[in-house]
Amino acid sequence: MSTSNLVDLHCHGALGHEFGKDTAGSSAAAAHHRAAGVGSLVASLVSGTPDTLVAQVATLAPLVARGELAGIHLEGPFLSEERRGAHDPSVLTDPDLTLVESLVATCAEAGAPDALVQWTFAPERPGSGDLVAALARHGILPAVGHTDASATVVSDSLAAISDACGRPPLVTHLFNGMPAFHHRAGGPVAAALASAARGECIVELIADGVHVAPDVVRMVFETVGPERIALVSDAMAATGLGDGAYTIGTLAVEVSDGVARLADGSSGRGSIAGSTSTLADCVRWAVEEAGLPEADVLTAATTTPASILSA
């Protein structure tokens, strides 16, 4: 099975390095994923203060300009506190258009004006409509995620993103960072699956054997098709190393048996804190453990995510 030229839209680091912390570490993390078959890699940043995010984007934008990275993904800080996962609750906030402009300017100054590829936000946050419009003006794709919103709010937001951007929006790591699907309250999962089945959005899936069960991964492929699925690694700093103590953003993480979870009880003890798998690992798991056709899995790991970068 060929796992070359994969496209990973959502990745936080590797080899003990978190993207954005420093240039050398970010380059080393990117090189690790490239060596594992990822031809195009988007570096993801967890929620932080405005000053922290500006500094991290300033570190990563030159790597985009040099072609080491395909772009940058802001995962927050405009997220739901209830569904924050491995994001520091003290930095979560309503949409701040000043921050958007600051990060866009930072990328331009580094010679990578189009470096910001996607930005994850919770649509129930006040000001989300203005955020969508601002991101669309700059060619940044809004992605719905880490949300506690109802199915109606998510559906309306996905439609608004499509109208503003003229292309299908993303849903960040479907099932994770959102309430569980329930037959009397479908929530974001119901809205995302229905939208993707209509060809109106693309859903990210983390197929690492931890985030989503094999039967659920198969269900999503069979329901919406690989053309509406972007497999992502959500890999964090422990990727390529072993068990032990790490961090994601400002939060302590413990990796045990290859599973990363928050160690800080005040921030949600036990919450999954990214994966320790490369996208190539996810592709193999989806084929060998979830039992999906190799061609479908490769479409979701190459053609579909590539469409986000080429739009």
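## The sheet

Ile206 has Val232 of strand β10 as its opposite residue. Strands β9 (residues 202-206) and β10 run parallel and are joined over four bridges; two strands pair if DSSP finds at least two bridges between them. Strands (E, at least two residues) and helices (H or I, at least four) are DSSP runs, numbered from the N terminus.

The model is predicted: local features need pLDDT of at least 70, side-chain atom pairs count only at pLDDT 80 or more, and totals for chains, interfaces and linings use all residues. Residues are numbered from 1 along each chain as its sequence is written, and side-chain values use heavy atoms, with hydrogens and water left out.

An open sheet is formed by eight strands with parallel pairing, in the order β1-β4-β5-β6-β7-β8-β9-β10. At its edges are β1 (6-11) and β10 (229-232), each of which pairs on one side only. Helix α3 (residues 97-109) packs on the sheet and touches β5 (71-75) and β6 (116-121), where contact means heavy atoms within 4.5 Å. The direction of α3 makes about 160° with that of β6; axes are lines fitted to C-alpha atoms, for helices over the stretch in contact, and angles run from 0 to 180 degrees between N-to-C directions.

## Helices α1 and α2

Helix α1 (residues 23-35) and helix α2 (residues 50-65) have axes that come within 10 Å and cross at roughly 50°. The two helices are therefore oblique to each other; under 35 degrees counts as roughly parallel, over 145 as roughly antiparallel, 65 to 115 as roughly perpendicular and the rest as oblique.

From α1, Thr23, Ser26 and Ser27 meet Thr59, Leu60 and Leu63 of α2. By class, this contact has two nonpolar, four polar and no charged residues. Ala, Val, Leu, Ile, Met, Phe, Trp, Tyr, Cys and Pro count as nonpolar, Asp, Glu, Lys and Arg as charged, and the others, Gly among them, as polar.

## The aromatic pair

The structure holds one aromatic pair. The ring centres of Phe78 and Trp119 are 5.6 Å apart and the planes are at 10°, so the pair is stacked. Rings of Phe, Tyr and Trp (its six-membered ring) pair if their centres lie within 6.5 Å; planes under 30 degrees apart count as stacked, over 60 as edge-to-face and the rest as tilted. Phe78 is in the loop between β5 and α3 and Trp119 in strand β6, 41 residues apart, so that distant parts of the chain are linked.

## Backbone details

Pro77 lies in the loop between β5 and α3. The peptide bond from Gly76 to Pro77 is cis, with omega near 10°.

His146 is found in the loop between β7 (141-144) and α5 (151-165). Although not a glycine, His146 has a positive phi of about 45°.
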